[in-house]
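Keep the model open as you read.

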Amino acid sequence: MVMHEKWMKRALELAENGRGWTSPNPEVGAVLVKDGQIVGEGFHHLFGAPHAEIEAIRNAGENVAGSTLYVSLEPCCYFGKTPPCVETIIRSGIHEVVVATIDPNPKVNGEGIRALRNSGISVTVGILGGQAKESNRGFFSMIQKNRPWVTLKLGLTADGFIADVTGKSRWITSKPSRVYVKEQRLKYDAIMVGMGTVFKDDPSLLPENRTGYIPYRVILDDVLNMPFRMKLVSDEYKQRTVLVVSTGEKEEKIKQMKALGVHVIRTERNELGWIDLNAALEALAGFGINSIFCEGGGQVAGSLVSERLIDELQVFIAPKILGTGIMAFSGLMKSLDEAIQLKWNEPVKMGEDIFIKGTLV
C-alpha cells in the first residue's frame, strides 16, 4: 500500500502539468512501474490531445509489458476526442492498474474499471482518492452540478470590511497574502470580478508567472459598461477576457469588443434585474471553464453566497479595524435566524493576517 501511494503521488504531480490546458476535460497523470522502477510517465497535455495513459505507454516502449499502471483518474472507455484508453491498456500487456478515483462522467463511471477486470487485468481503486478528487474538483463539479467549481476570496479588516468608505482597499491584507492569491490564480480556469472592482482598481487579474497557462478573466458586466481603456480589454491578454452581459442592447459595442478578441457571453437577468448567476455559471461551463476564483466585491460576493453558489470560501483577515466602510457582503439575510452557516477549516497565519477556508453548510 505504501508503494502504491508513492507511485500515485507521482501520477498526481504529473497531472498538475496539464492544469488549465485540459479543460473542460480533467487533469490526469499516469505512471508505469516495473520491478520497482518507473518505466514510463505521461500526463494529459491539452484538450483533445492523447490521454495520460497513452502518453505513459508510448514513453515506456517495450517495457510496458508486465508493468503496473498508476493513473489518477479511471481510464476512459468511450470514443471522444481520442479513442478509449481502456482498449490500448488491454492490448499493451499491462498486468495491473491502480486507479485513484472513479471518473464521475456517466459515460465512464466504473465502466472503464469493469472492462479492465473483464479482460483479466487486476484493478485497485481508491489510492489517494481524496487528493485526486481535490485536484479535479472543477471537473467533478461540472459533471455533478453542471457548473464550475467556485472559490470566493475575501480580504477583510478584523471588523469585516473589504474597503474604507471611499472604496480604497489597497492594501488591507499583507504582502504574503497578496502573493499567495496571485499564485492561486494559476490553479483555476478563470478569475472573476464584477464591474465595481474593474472601475475601482483597473486590475489585470493575471498570475505572477505568465510563462505558461493564462486563466480567463471573467467580468460580470450586466449592461456592458466596460470602457475600452481598461487593461482587461486593452492589454496583450485581452483574448483571455470574457464579459458576461445580460443587456439586449449595445450591439455595436459587443461587435467592437469581439473585434478586439474579447469574448462576450450573454445570459439572463434575475428577478432583481441583475445577471442571473446560475445562468452565467452554466454559460461559462459551456465555454469550457471548470473552475473559478472569484475576487469580486460586495455585490458579487453577496449574490454568490445568497444563491449558495460558493464551493469554497477563502478569507484573509487583516489585523486592522476601520469601524465603518464597505461590507464584505451586500443584500443578504436580515435576521440571525436566516444566517447562512459556515464550516471552517483550521486557520493559519499568513504574514500579519489570518487565513481561513470554509464551506457553506
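## Helices α3 and α4

In this predicted model, the axes of helix α3 (residues 85-92) and helix α4 (residues 111-118) come within 10 Å. They cross at roughly 20 degrees, so α3 and α4 run roughly parallel to each other (an angle under 35 degrees). The crossing is right-handed: the near helix is turned clockwise from the far one by less than a right angle. Axes are lines fitted to C-alpha atoms over the stretch in contact, with angles from 0 to 180 degrees between N-to-C directions. Helices (H or I, at least four residues) and strands (E, at least two) are DSSP runs, numbered from the N terminus.

From α3, Val 86, Ile 89 and Ile 90 meet Gly 112, Ala 115 and Leu 116 of α4 (contact means heavy atoms within 4.5 Å). Five of these residues are nonpolar, one is polar and none is charged. Gly counts as polar here; Ala, Val, Leu and Ile are among the nonpolar types, and Asp, Glu, Lys and Arg are charged.

## Glu 312

Glu 312 sits in strand β13 (residues 312-317). Its relative accessible area is 8%, so Glu 312 is buried (under 20%; exposed is over 50%, partly exposed in between, with a 1.4 Å probe and protein chains only). Beyond neighbours within four places in sequence, Glu 312 contacts residues including Arg 137, Trp 149, Tyr 188 and Lys 357.

## Salt bridges

The whole structure holds 15 salt bridges (a side-chain nitrogen of Lys or Arg within 4 Å of a carboxyl oxygen of Asp or Glu). One joins Arg 147 and Asp 311 at 2.8 Å, N to O. Arg 147 lies in the loop between α6 and β6, and Asp 311 in the loop between α11 and β13, so the pair ties together parts 164 residues apart in sequence. Arg 147 is buried at 9%, and Asp 311 is buried at 7%.

Lys 182 and Glu 208 pair at 3.6 Å, N to O. Lys 182 is in helix α7 and Glu 208 in the loop between α8 and β9, 26 residues apart. Lys 182 is partly exposed at 32%, whereas Glu 208 is exposed at 57%.

Residues are numbered from 1 along each chain as its sequence is written, and side-chain values use heavy atoms, without hydrogens or water. Local features need pLDDT of at least 70 and side-chain atom pairs 80 or more, while totals for chains, interfaces and linings use all residues.

Note on methods: Angles under 35 degrees count as roughly parallel, over 145 as roughly antiparallel, 65 to 115 as roughly perpendicular and the rest as oblique.
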